[in-house]
Every structure is written in structure tokens, then in C-alpha cells.
Amino acid sequence: MPPSHRVAVIGAGAAGLAATKALLDAGVGVVTYEQGDRPGGLWARDNASGLSPAYPSLHLNTSKGRTEFADFPMPRQWPDYPSADLVAGYLAHYSAEFGLTGHIRFRTAVASVERAEDGWTVTTGSGEKDRYDAVVVANGHNWRPRWPEPAYPGSFDGSQTHAHDYRGPDAFRDRRVLVVGMGNSAMDIAVDASNVARGPVLLSARRGVHIVPKYLFGRPSDATGGALAALPWRVRQRVAGTMLRLAVGTPQRYGLPAPEGGLFQNHPTISDTILHRLTHGEVAARPGIERLAGDTVVFTDGRSEPVDLIVWATGYRVHIPFLSARWVGDDPERLPLYQRVFHLEDPSLAFVGLMQSTGAALPVVEAQAKLAAAWFSGGYALPAPQEQRRAVDRALRAAVARWGDRRPQMRIDFDRYLVGVAREIAAGRARLRRGARPFTAPAPEGSPV
């Protein structure tokens, strides 16, 4: 790529840092925008952006060996499941080690990214404008809380908060607490609250999930799953499901609802502590909520419980506020992307991190970043637009068959995806040798891509 070409990266969390490094490694000019005051994004708990959902007790729920960047291994002496503060430091060290920090504009929110006559115009919150030949969106998707919609019937007299705003258990002291959700944050918060709350913490869920301990048979559980990666996922599901039942039993054994699908279909919850607290009566399982009634909550099994505080651990919505519906549609979760990276209508717009993985995020965004950098540096050629669309359609059909209608467009199988991206880069180099078109500066809008 000629030196005059420039790429904007939006976000300096793990995805944005990986994209910045890959682009610099490939010789591409890059400017990265970050509204916080340091690298690390959502992992940086004291980031000035105020968007981090990290809390003091947060640790990785994937082991360090399956989470680290390939280009930057985590220290050998670290525990298998590092804390959020260690991960934030790791990302800051990554940024410094590879000279990324000088390319990041901190405390700079992006207001809009718009297709211009000869590229893309990035406008900041202060009104500053700059032109780029390409844009990599890496703003993350775990920072805009998802609240129950529609809201539950009735009214509630107590306090309500979202897991995104959780900063420690002091707010739960001597209060009757209900946590709604079955994800990792829900389990962590329920366990934290159970040490200080009044009476058992209630844990409510409409749907069950598989709960996987952090260790199975003396090894990190995701390493055990990784050893099965070469098998078809249905076979992996049967083998790993049997191992899990032998190790801890079923969720129903602990009073929790049965999972709707098998292991590897819906994302499991990784926790060693929630089952312990359930068996000791410090956390009590409840079904879904039927309605709110003043200072009580009525559940679908007819029981009602007095509650002072509800924590909605109900996840996050994908939100890309700086791009118009022209580029992301009405729902960014349904945005079709080739290899979960390239926009089908204009591949000068790429995304890193807009996916939901069965494993850790960091190796995935690192692979996506290298794929994007190969394209923008001229070292890789995309297939024809029709072939891209067919590939996206095939991936969506397979995702729906495996995961159903919950974010199927975003879903990827961690191990298979990493292998697939490496193969795609090799295939793109072969296309170049056969005369396929590499990346060039964008044509005026409306011209054929």
C-alpha cells in the first residue's frame, strides 16, 4: 500500500489494539480513536470513558493459554485465570511494547464515520474532521446495557441496576437481592452479593445454560475442549457433555433450569463458585419473573419473594452510533460480513470484534486484524462479491442450524474460525497471483466496488 493511504481504527480496546498493530506491521498508516484515556477499552476499569463494566472480582473465564495474543504471550507465572486488572495491564503493555500508543488519539470520541467522495470522513465529538482511505470499526459490543424488553408487568418499589454498573458488593449489604440472568457476570455478582446480602441471593432465569467449572480433570476446562477441536462439533458436544456431567452433574441438580441446547450450542457459563454457593443455600435458584409487585417479585412458579434490589444481568446490545443505517442496517447484530470482517457493499469498511465466539476474544480479533491488514496493505485479494455473499449465506445457515435465532450472524466456532482465517489469507494471496484485484483507494460512492 502506498504511504499516502491511511486507515482509521475506532476503539483502542483489545480489538482496536490488535488492528492497530497488524496495520502497522503491514506498513499501513493508521490513526486510532479512543474516547478513554488509556488503552484497554472495557478491561480498563479506571478508564475515563466510564464505559467499562469490569468489577473488582472479575477474572477471565477462558484460560490464559487460550486467551493470549499469539504475538504476545501472557507471563508464564500468571495464574491460569488472570484478573481484570492483570488483563488491563497486559493490554497496556502490549500497546507500549509494539509502539501503538503514539498512534492513538485518547479522549477523542468519534461522532460520525461517513463515506466521502474519495474515501471516508471521520468526525470527532469536537467537530474535527479527517479523511481516510479505509476504516476499521473496533468499538466493542459489551458497553450498551440490554434491559428487559418489554419490561415486566407491574411496578417495583426497590432499587434496580444493570450488571454494567456493578462496582462491588457494598451496595448489597444487608439487602434482599435478586440477580436476573445466567451469564458469567450474573454468577459473579450473585456470588459476591451472597457474602453480604440479607438472606440468600435469588438467581432468576427463564432459560438454563450449561455451567462449566474452570477446571476439568485437573486442567483448564477450555484446554480440554481445545483438545477436541479437530472433531465435528456434534461429536465434541457429546464427548464434552459426558465429561461435564461426570464432573459436576446437570444444572437441574442444583435447582437451575435445564439448558435449551447441548454444550457448544449456547455459550456456557464458566464458574467454580456458583455451584458451591447454591449447594450451601447462600444463592437460591428461581425461575423467570412473572411480574413485579411493589416490594415483592412474583415468579412463574407462583412463588413471591420480598426483594430490595434487582440486578439485571441481561447482557448488552450491539451499538455503532457513528455509522448510519446505510452501513449497519436497523440491527448491527444482523450485519452480514465476509469472514466477519469485510462489509459486503464496500470492503474499505471493515470490522474487528463484531462476533460472538465459543471461546476467547483476543485470538479471534488478532486473526481478524491480520486479515484486514493483509487486505489494506495489498497482500491479499478478496473473492468476487458474489462469492463473498454465497459464503456469508452458507455461514448463516450453518449458524442457525447450530445456534438457532440468537445472534446467528455474529456466531463463530473459536477453533474452526482461527483455522479458517489462516486458510483465507493464504487463499487471498493465491488470488493475487492469479491476477485478482488488491485493495485500492475507494472509488467515488456509487461506483462499482
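Helix H9 (residues 362–376) is mostly covered in this predicted model: 14 of its 15 residues are buried. Its end C-alpha atoms, first to last, are 21 Å apart, close to the 21 Å expected at 1.5 Å a residue.

H9 has a packing partner in helix H11 (residues 414–433), at an angle of about 15° and with 10 Å between the axes. That angle is under 35 degrees, so H9 and H11 count as roughly parallel to each other. Their crossing is left-handed. On the H9 side, the contact is made by Pro363, Val364, Ala367, Gln368, Lys370 and Leu371. H11 brings Phe414, Tyr417, Leu418, Val421, Glu424 and Ile425. Sorted by class, this contact of H9 with H11 has nine nonpolar residues, one polar and two charged. As background for reading such lists, an α-helix has 3.6 residues a turn, so residues three or four places apart point the same way.

Now to helix H1 (residues 14–25), which packs against helix H3 (residues 84–97). Here are the two pairs side by side:

| Helix pair | Angle between axes | Distance between axes |
|---|---|---|
| H9 and H11 | about 15° | 10 Å |
| H1 and H3 | about 15° | 11 Å |

H1 and H3 are therefore roughly parallel to each other too, and H1 passes H3 in a left-handed crossing. Ala14, Leu17, Ala18 and Lys21 of H1 make the contact with Leu91, Tyr94 and Ser95 of H3.

How much of H1 is buried? The count is 10 of its 12 residues, so the helix is largely enclosed by the rest of the structure. The buried residues run through Ala14, Ala15, Gly16, Leu17, Ala18, Ala19, Thr20, Lys21, Ala22 and Leu23. What covers them includes two helices, H3 and H9, along with strands E1 (6–10), E2 (29–33), E3 (104–105) and E7 (134–137). The length of H1 checks out as well: its 12 residues should span 16 Å at 1.5 Å a residue, and its end C-alpha atoms are 16 Å apart. Following H1 is Gly27, whose phi is positive, near 85°.

Most residues other than glycine have a negative phi, and most peptide bonds are trans. Asp174 is not a glycine, yet its phi is positive at about 60°. Asp174 sits in the loop between strand E9 (159–162) and strand E10 (177–180), and is exposed, with a relative accessible area of 58%. Arg340 also has a positive phi of about 60° without being a glycine. Is Arg340 buried or exposed? At 5% relative accessibility, Arg340 counts as buried; the loop it belongs to lies between strand E21 (337–338) and strand E22 (342–343).

Two prolines round out the loop story. The Glu149 to Pro150 peptide bond is cis, with omega near 0°, and Pro150 lies in the loop between E7 and strand E8 (154–156). Pro268 is found in the loop between helix H6 (233–248) and strand E15 (269–270). With 16% relative accessibility, Pro268 counts as buried, since the cut-off is under 20%. Beyond its neighbours within four places in sequence, Pro268 is in contact with Asn184, His210, Val212 and Leu263. Thr300 is 32 residues from Pro268 in sequence and 24 Å away in space, C-alpha to C-alpha.

Conventions:
Residues are numbered from 1 along each chain as its sequence is written. This is a predicted model: local features need pLDDT of at least 70, side-chain atom pairs count only at pLDDT 80 or more; totals for chains, interfaces and linings use all residues. Side-chain values use heavy atoms; hydrogens and water are left out. Axes are lines fitted to C-alpha atoms, for helices over the stretch in contact, and angles run from 0 to 180 degrees between N-to-C directions. Helices (H or I, at least four residues) and strands (E, at least two) are DSSP runs, numbered from the N terminus. Angles under 35 degrees count as roughly parallel, over 145 as roughly antiparallel, 65 to 115 as roughly perpendicular and the rest as oblique. A crossing is left-handed if the near helix is turned anticlockwise from the far one by less than a right angle, and right-handed if clockwise. Contact means heavy atoms within 4.5 Å. The expected span of a helix is 1.5 Å times one less than its number of residues. Buried means under 20% relative accessible area, exposed over 50%, partly exposed in between (1.4 Å probe, protein chains only). Ala, Val, Leu, Ile, Met, Phe, Trp, Tyr, Cys and Pro count as nonpolar, Asp, Glu, Lys and Arg as charged, and the others, Gly among them, as polar.
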